[in-house]
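Me: I am new to this structure. Could you take me through it in short questions and answers?

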Amino acid sequence: MAQPKSHLVIALASIQVFSNDGTLDVAELQNLLDLALRDDTIDEDEKRVLGNIFKQAELGPLDPEVQRRIAQARQQHGIA
């Protein structure tokens, strides 16, 4: 069986992130980024999904470290 597209895996993983406590923590963020980077690049679909996840996370309170890591990921990988 073919492996699912990584952007779909990232989107499904984000459901767990927001359903457990509604916030994104550093470990959860790193997990999402690791999923995107498992092929050493973040493609346009992954960027779109991660950008939507970041926007959703920013609607609530964010730990300063998470906010810093989101800003870093946006800059390094061109995520909107």
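Reply: This is a predicted model, where local features need pLDDT of at least 70, side-chain atom pairs count only at pLDDT 80 or more, and totals for chains, interfaces and linings use all residues. Residues are numbered from 1 along each chain as its sequence is written, and side-chain values use heavy atoms, with hydrogens and water left out.

Me: Which residues of the largest nonpolar core touch the most other members?
Reply: A nonpolar core is a set of buried Ala, Val, Leu, Ile, Met, Phe, Trp, Tyr and Cys residues joined through side-chain atoms within 4.5 Å. Buried means under 20% relative accessible area, exposed over 50%, and partly exposed in between (1.4 Å probe, protein chains only). The largest such core has 19 residues, and those touching the most other members are I10, L24, L29, L32, L50 and F54.

Me: Which helices each supply at least two residues of this core?
Reply: Helices here are DSSP runs (H or I, at least four residues), numbered from the N terminus. At least two core residues each come from α1 (6-20), α2 (26-36), α3 and α4.

Me: What does L29 contact, leaving aside neighbours within four places in sequence?
Reply: Contact means heavy atoms within 4.5 Å. L29 is among the core residues that touch the most other members. Its contacts are L24, F54, V66, R69 and I70.

Me: Are α2 and α4 roughly parallel or roughly antiparallel?
Reply: Axes are lines fitted to C-alpha atoms, for helices over the stretch in contact, and angles run from 0 to 180 degrees between N-to-C directions. Under 35 degrees counts as roughly parallel, over 145 as roughly antiparallel, 65 to 115 as roughly perpendicular and the rest as oblique. The axes of α2 and α4 are 9 Å apart, at an angle of about 20°. The two helices are therefore roughly parallel.

Me: Which residues make the contact of α2 with α4?
Reply: From α2 come V26, L29, Q30 and L33. From α4 come E65, V66, R69, I70 and A73.

Me: How do α2 and α3 run, roughly parallel or roughly antiparallel?
Reply: Their axes are 11 Å apart, and the packing angle is about 170°. That makes the pair roughly antiparallel.

Me: Is E46 buried or exposed?
Reply: E46 sits in α3, residues 44-57. Apart from neighbours within four places in sequence, E46 contacts S6, H7, I10, L35, A36 and T41. With a relative accessible area of 0%, E46 is buried.

Me: What does H7 touch, not counting residues up to four places away in sequence?
Reply: H7 belongs to α1. H7 has a relative accessible area of 15%, so it is buried. H7 touches D45, E46, R48 and V49.

Me: What is the phi of D40?
Reply: Most residues other than glycine have a negative phi. D40 lies in the loop between α2 and α3, and is exposed, with a relative accessible area of 71%. Although D40 is not a glycine, its phi is positive, at about 70°.
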